[in-house]
Amino acid sequence: MAGKSNRIGVDLGGTKLAVGVVDSKGNIVGDSVTYDHVGLHEEEVLDRIERNIDRALSAAGTSRGDVSGVGVLFPGHIRWPDGVTLTTSNLPGFKNFPLREKMEARLGIPCLADNDANAQTLAEYRYGAGVGLDPMVFLTVSTGIGGGIIIDGKLYRGFTGTAGEFGHMIVDVSGGQRCTCGNYGCLMSLASGIVIPKAAERIAKRLAAEGACSDLPDGCHDFDALNGAMLAAGCADENELCKAVVQEYARYIGIGMYNVFQILNPRGIVLGGGLLNLPDFFFDEAMATCYNLAGKMMYDRMIIRRGLLGSRAAVIGAASLFEEGK
Ligand SMILES: [Zn+2]
């Protein structure tokens, strides 16, 4: 199975460390996923990465000698192409850390390092829902909101490498909730996984004032416990509060996609992340909001698709960083 065209994708997350051996067609042929690097010193985290690489290689029936490159993802800002980490939101200690250089010195294999959203964008564009769409935008909604931009077959990174930070687009100037960036009304502060409890509490008050049912879904007794999986289950149970939250999220994501349309006029937008688990009406409403706002300004309908690669996108994208521009 394995040959010299294999590459390795490393998705270093805040809690999860996923490593996969990826073949030339974008298939993961061996992997290793662990959760034991949290709170460790940087060099110890790199030890864990090396360990997972060897486990993934062994699962794929191959060895380091058959690997042409290793792509490492960091869950925060990282400078391209030298791979020095800039921000440290999820992994304290990784401030100004030469991730690419350190990994290359350890492995003796060419390495590249980028952020996770860029890699997922590349994966969907090359092997997933974005095949044939150019320019393409990937918008991922999970705990936070991120994304990436493909122009002429390549990632567009911007001046300092932070292009595609769609989560901090301001979509509600009247205020809304405060974002982790300090501003108010960012897309991420209104329609991401982390703000579900606040959004639900606010919407429940509104429903109650309108005399509508504002009960939490079955099995959930407190707003703080409400998460995306419960929202999806609540919608399936026809829970009014869950449906109202998902509807509001859809409207904000739709506004976000509309803004993307006006700025970049992409051929298509691919949606990914945990929101893929939300019910169909979420996608219908988000698309309707975007198309309605664009109206006659959209001469040829921008394609909006759900991502196809799910949680595999990061590892596949990390491995495909080497193919960029080919
Ligand atoms: Zn923000």
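Modeller: Two strands pair if DSSP finds at least two bridges between them; strands (E, at least two residues) and helices (H or I, at least four) are DSSP runs, numbered from the N terminus. The model is predicted, so local features need pLDDT of at least 70 and side-chain atom pairs count only at pLDDT 80 or more, whereas totals for chains, interfaces and linings use all residues. Residues are numbered from 1 along each chain as its sequence is written.

Biologist: Which strands stand at the edges of the sheet?

Modeller: The open sheet of five strands has mixed pairing and the order S8-S7-S6-S9-S10. One side of each edge strand lacks a neighbour in the sheet because each has a single partner strand, and these are S8 (154–155) and S10 (303–306).

Biologist: Which residue in S9 is the bridge partner of phenylalanine 138?

Modeller: Strand S6 (residues 136–141) runs parallel to S9 (residues 268–272), and five bridges join them. Threonine 140 has glycine 272 as its partner in S9, while the partner of phenylalanine 138 is valine 270.

Biologist: How many residues of S9 are buried?

Modeller: A residue is buried if 20 or more other C-beta atoms, placed from the backbone, lie within 10 Å of its own. From S9, Gly268, Val270 and Gly272 point one way and Ile269 and Leu271 the other, and all are buried. The strand is thus mostly covered, the buried count being five of its five.

Note on methods:
Buried ≥ 20, exposed ≤ 12 C-beta atoms within 10 Å, placed from the backbone.
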